[in-house]
Amino acid sequence: MRLVPEKNEVRSLDQQFEVDWVGDTPRLAVAAEAQRGQVRTVSKQRTLSRNEEGNREETFSFDSNDLKDPLQSVVLKSGWIWRGVISGKL
C-alpha cells in the first residue's frame with residue numbers, strides 16, 4: 001500500500017508467491033507460480049470428523065479479504081479513495 005496524501009488516495013497492489021518446503025531436512029523453495037495485481041486467496045482445511053450438529057469440522061480457514069476489507073473500510077470512511085492497482089508502480 002502507498003499513501004498519496006495530496007490526492008487523499010491509498011494505492012493497493014497485491015503480490016502472491018507459492019512457497020513449498022522440500023527435502024528430508026525441510027528447506028524453503030519458491031515455486032514458479034506468482035501473481036501480482038488484485039489477488040484474492042481463499043484456503044480451507046477440514047477434518048473428516050463431524051461436530052455435534054453433524055457438520056464437518058473446519059480446522060483452518062483463510063480469506064485474504066478478511067485482511068483487506070477492514071483496511072479498505074477505514075480508508076473510505078476517512079474520506080480517502082482506495083485504488084486497487086493491477087500492475088506497475090504503486
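Tutor: Start with the surface of the whole chain. In this predicted model, the accessible surface comes to about 7,300 Å². Carbon and sulfur atoms hold 50% of that area.

Now the fold. The chain has 7 strands and 1 helix. Read from the N terminus, the order of elements is β-β-β-β-β-β-α-β. Take the contacts between residues at least 6 apart in sequence: 43% of them join residues at least 24 apart.

Next, burial. The chain has 90 residues, and 16% of them count as buried. Asp-14 is one of the buried residues, because its relative accessibility is 13% and the cut-off for buried is under 20%.

Where does Asp-14 sit? Its place is in strand β3, which covers residues 14-22. What does its side chain touch? The side chain of Asp-14 makes a polar contact with the side chain of Lys-68, at 2.6 Å.

For contrast, turn to helix α1. This helix covers residues 65-77, and Leu-67 is found in it. Is Leu-67 buried or exposed? Leu-67 is exposed, because its relative accessible area is 55% and exposed means over 50%. Leu-67 also belongs to a nonpolar patch on the surface, together with Phe-60 and Phe-62. The accessible area of the three together is about 290 Å².

To recap the part you asked about: Asp-14 lies in strand β3, counts as buried, and has a side-chain polar contact with Lys-68.

Definitions and conventions
Residues are numbered from 1 along each chain as its sequence is written. This is a predicted model: local features need pLDDT of at least 70, side-chain atom pairs count only at pLDDT 80 or more; totals for chains, interfaces and linings use all residues. Side-chain values use heavy atoms; hydrogens and water are left out. Helices (H or I, at least four residues) and strands (E, at least two) are DSSP runs, numbered from the N terminus. Buried means under 20% relative accessible area, exposed over 50%, partly exposed in between (1.4 Å probe, protein chains only). A polar contact is a pair of N or O atoms within 3.5 Å; within protein, one must be able to donate a hydrogen and the other to accept it, and residues adjacent in sequence count only if both atoms are side-chain atoms. Contact means heavy atoms within 4.5 Å. Accessible areas come from the Shrake-Rupley method with a 1.4 Å probe; for residues, only the protein chains shown count as cover. Patches are made of residues with over 30% relative accessible area and no salt bridge: like charges are joined within 9 Å, nonpolar side chains (Val, Leu, Ile, Met, Phe, Trp, Tyr) within 5 Å. A salt bridge is a side-chain nitrogen of Lys or Arg within 4 Å of a carboxyl oxygen of Asp or Glu.
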